[in-house]
Amino acid sequence: MWKNWRQLVQGAQKTKKTEEQKGTEILSPSAHVPAHVAIIMDGNGRWAKERSLPRIMGHRQGMQTVKRIVRKADAMGIKILTLYAFSTENWKRPKDEVDYLMSLPQEYLATELDELIQRNVQIRMVGKEERIPSSTLEAIVTAREKTKENTGLILNFALNYGGRNEIIDAVQQIATLIQDKQLTIDEITEENFSHFLYTANLPDPDLLIRTSGELRISNFMLWQLAYTELWFTDCYWPDFTEDDLEEAVRAYQGRSRRFGAITGGRS
Ligand code: IPE
Ligand code: IPE
Ligand code: MG
């Protein structure tokens with residue numbers, strides 16, 4: 001059954017995902033450290049404003065935080081770190097800011113890729129590739145290719161990502177398969193549906209962190225966050241430290257995840 005679905009998904013997406021997906025097993029959450037941590041990295045603009053700096057300086061400083069937090073996540077034994085870097089709604093920002101944000105993956109990878117390879121990190125991306133400048137996409141695709149066999153931390157960038165967009169994409173693929181009589185309606189189950197999402201071979205996030213004091217999801221992983229533990233901090237992303245990540249994980253460890261049942265184990 002799983003094999004059939006995988007073939008259908010790949011056929012429907014008509015992408016070259018096969019290589020990337022090969023050999024990747026679905027990871028299960030560990031008892032203590034959350035296997036999959038996702039972060040909405042917010043507050044760069046306000047960080048800059050408080051210092052009378054242009055907004056892009058906040059993004060620049062935010063990239064330094066990414067460097068530190070990736071190292072820390074790896075050291076803590078987190079298996080997957082998903083970083084929300086650019087939403088489908090962020091195109092509404094001034095062109096200068098968008099251009100700068102789109103240059104950051106390249107800049108980050110130029111300085112960090114060697115170390116990431118050394119650390120056995122596997123780089124991935126979720127989001128729509130269209131509209132992303134070709135130089136940015138090339139840097140990511142190259143990094144993805146170079147690290148696809150790595151078995152350590154999965155560093156997953158959500159770039160030009162929108163949760164609603166992702167769901168609509170999945171629905172369109174499924175509808176096409178039904179139209180072509182390759183699928184029946186009763187085969188659309190929760191499990192099968194999830195294979196059509198950008199996160200097809202990743203477990204759902206165990207812990208979501210959002211910085212900057214905003215208490216919202218902002219179109220991030222709408223399907224996948226169904227039972228994710230949420231942790232918010234007022235701290236702006238450029239100020240987020242390794243200790244803050246530890247604090248979030250400690251809070252997670254104190255939660256009881258019941259998934260709708262009466263009793264639940266500790267995370
Ligand atoms: C997060 O910081 C970075 C992105 C959304 C790309 P913001 O740029 O949203 O910072 P604030 O929320 O305006 O402070
Ligand atoms: C969410 O932050 C998107 C990213 C961090 C990439 P925003 O700053 O875009 O979200 P809103 O507009 O405050 O909801
Ligand atoms: Mg913001």
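In this predicted model, Asp 244 is buried yet forms no salt bridge. The nearest side chain of opposite charge belongs to Arg 68, at 7.2 Å. A salt bridge would need a side-chain nitrogen of Lys or Arg within 4 Å of a carboxyl oxygen of Asp or Glu. Asp 244 is located in helix α9, which covers residues 242–253. Leaving aside residues up to four places away in sequence, Asp 244 is in contact with Trp 231, Cys 235 and Asp 239.

When residues up to four places away in sequence are not counted, Val 98 touches Phe 86, Asn 90, Trp 91 and Arg 93. Between Val 98 and Ile 56 the C-alpha to C-alpha distance is 9.4 Å, although 42 residues separate the two in sequence.

Helix α5 also meets helix α6, which is formed by residues 134–147. The two axes come within 8 Å of each other and cross at roughly 20 degrees. Angles under 35 degrees count as roughly parallel, and α5 and α6 are therefore described as roughly parallel to each other. The crossing of α5 past α6 is left-handed. On the α5 side, the contact involves Met 102, Pro 105, Gln 106, Leu 109, Leu 113 and Ile 117. These residues meet Ser 135, Thr 136, Ala 139, Ile 140, Ala 143, Lys 146 and Thr 147 of α6.

Methods: Residues are numbered from 1 along each chain as its sequence is written. Chains are lettered from A and ligands numbered from 1 in the order in which they are written. This is a predicted model: local features need pLDDT of at least 70, side-chain atom pairs count only at pLDDT 80 or more; totals for chains, interfaces and linings use all residues. Side-chain values use heavy atoms; hydrogens and water are left out. Contact means heavy atoms within 4.5 Å. Helices (H or I, at least four residues) and strands (E, at least two) are DSSP runs, numbered from the N terminus. Buried means under 20% relative accessible area, exposed over 50%, partly exposed in between (1.4 Å probe, protein chains only). Lys and Arg count as positive and Asp and Glu as negative; His and the chain ends are not counted. Axes are lines fitted to C-alpha atoms, for helices over the stretch in contact, and angles run from 0 to 180 degrees between N-to-C directions. Angles under 35 degrees count as roughly parallel, over 145 as roughly antiparallel, 65 to 115 as roughly perpendicular and the rest as oblique. A crossing is left-handed if the near helix is turned anticlockwise from the far one by less than a right angle, and right-handed if clockwise.
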